[in-house]
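Hi,

Here is the structure we talked about handing over. Have a look at it first, and then read on for what turned up in the way of pockets and cavities.

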Amino acid sequence: MQQAFESVYDGYWYIMGKHLSQFEKEYASFNQIQYAIGISNGLDALYLALKALEIGEGDEVIMPSNTFIATVLAVSYTGAKPVFVEPNEKTYLINPDLIAQAITSNTKAIIPVHLYGQACEMDKIMQIAGKYNLKVIEDNAQAHGATFNGKLTGSFGHINATSFYPGKNLGALGDAGACTTNDAALAEKILMLRNYGSREKYKHEVIGHNMRLDELQAAFLSVKLRHLYEWTRQRLEIAAWYNGALAGMGDLILPEVGSDSTHVYHLYVIRTNYRDKLQAFLAEKGIGTLIHYPIPPHLQKAYAHLGFKEGDFPVAEKLAKTSLSLPIWPGIKKECIKKISNNLIEFYKNG
């Protein structure tokens, strides 16, 4: 990483240079897709993907009811309306069987979110999109390297968005993101939109934005991308340790992986009706946990204008009340997983 920093610093070219171009080529190759365009962050990538598809006022975009707020914000930025569809309670991913009933004459796109690191049922989603002439924008922020039926997430949709926030499986040392697509025309649109609406300096064809991935973050990401396969292998191993230690314990529900999906375990999420008590117990033992996410989008104050109330999306609300993310990162030792698991055993043993 130090060498990457020095290469950028000594090159005296900090925006839109060779390191960005190199990472875009490397990530496109990794994701088995024609084009990757570096963007300032994941939210901006989602927004630009929607904008490139000309989604705006009066349009509706379908997404899961249990996603992170960024997915919803991107749609709101365009002036379109977010439409929520409940997830499958076992996989936490958008339920394809519920999508068709949410489609109206105003629906223009579907955003499947590969939540926690598992691939959505993309074949069904793409079939629905084709039937109703809808666009698909994958939110691939948490699932770098995951697959459905052997095909990588971030390569199904018309144009897709990902985040390289530091905590992601492939994370920068600051904010970073990208769009991916096999459509040359859409890639060209994104290239202009991210750079003031310009292909050629001082010539502006559309009203654009300053949403470029900078050279330094691109250089860091190129270094880290070389290690992603090994880091993913470690995440899978750690998840297997948890599964072996926690199986059959109390009312714990462990992560379930769909038959045609793979999971890269950006997060290892368990569920329990005693979530808050368990979190407090683990905190007393010096074990930090997080909740992804405690308030579903339809109950956020920012979206009160949509008129939803508690009970409108019961699956998302149930997941919000029962989910707990246990520690997972490449390099965590098996002894640490044993300690965490033993504390969960103690929690349930002592009731």
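A residue counts as lining a pocket when it has an atom within 4 Å of one of the pocket's grid points. Please keep in mind that this is a predicted model.

With that in hand, the largest pocket has a volume of about 680 Å³. Its lining is made up of 35 residues, and Q142, Y165, K168, H266 and Y293 are the ones nearest its centre. At least two lining residues come from each of helix 3 (42-52), helix 4 (69-78), strand 8 (160-163) and strand 13 (323-326). By class, this lining has 18 nonpolar, 13 polar and four charged residues.

The second largest pocket holds about 230 Å³ of space. Strand 10 (residues 198-200) gives the largest share of its lining, with three residues. Also in that lining are I15, M16, R212 and others, and the classes come to four nonpolar, three polar and four charged.

There are also two cavities of 30 Å³ or more.

Happy browsing!

Best wishes

Terms used:
Residues numbered from 1 in each chain as written. Predicted model: local features only at pLDDT ≥ 70, side-chain atom pairs only at ≥ 80, totals over all residues. Heavy atoms only, no water. 1 Å grid on protein atoms, 1.4 Å probe; cavity = no way out; pocket = protein on both sides within 12 Å on 5 of 7 lines; lining within 4 Å. Points joined across faces, edges and corners; volume = space filled by probe spheres on them. Helix = DSSP H or I, 4+ residues; strand = E, 2+ residues; numbered from the N terminus. Nonpolar A, V, L, I, M, F, W, Y, C, P; charged D, E, K, R; others polar.
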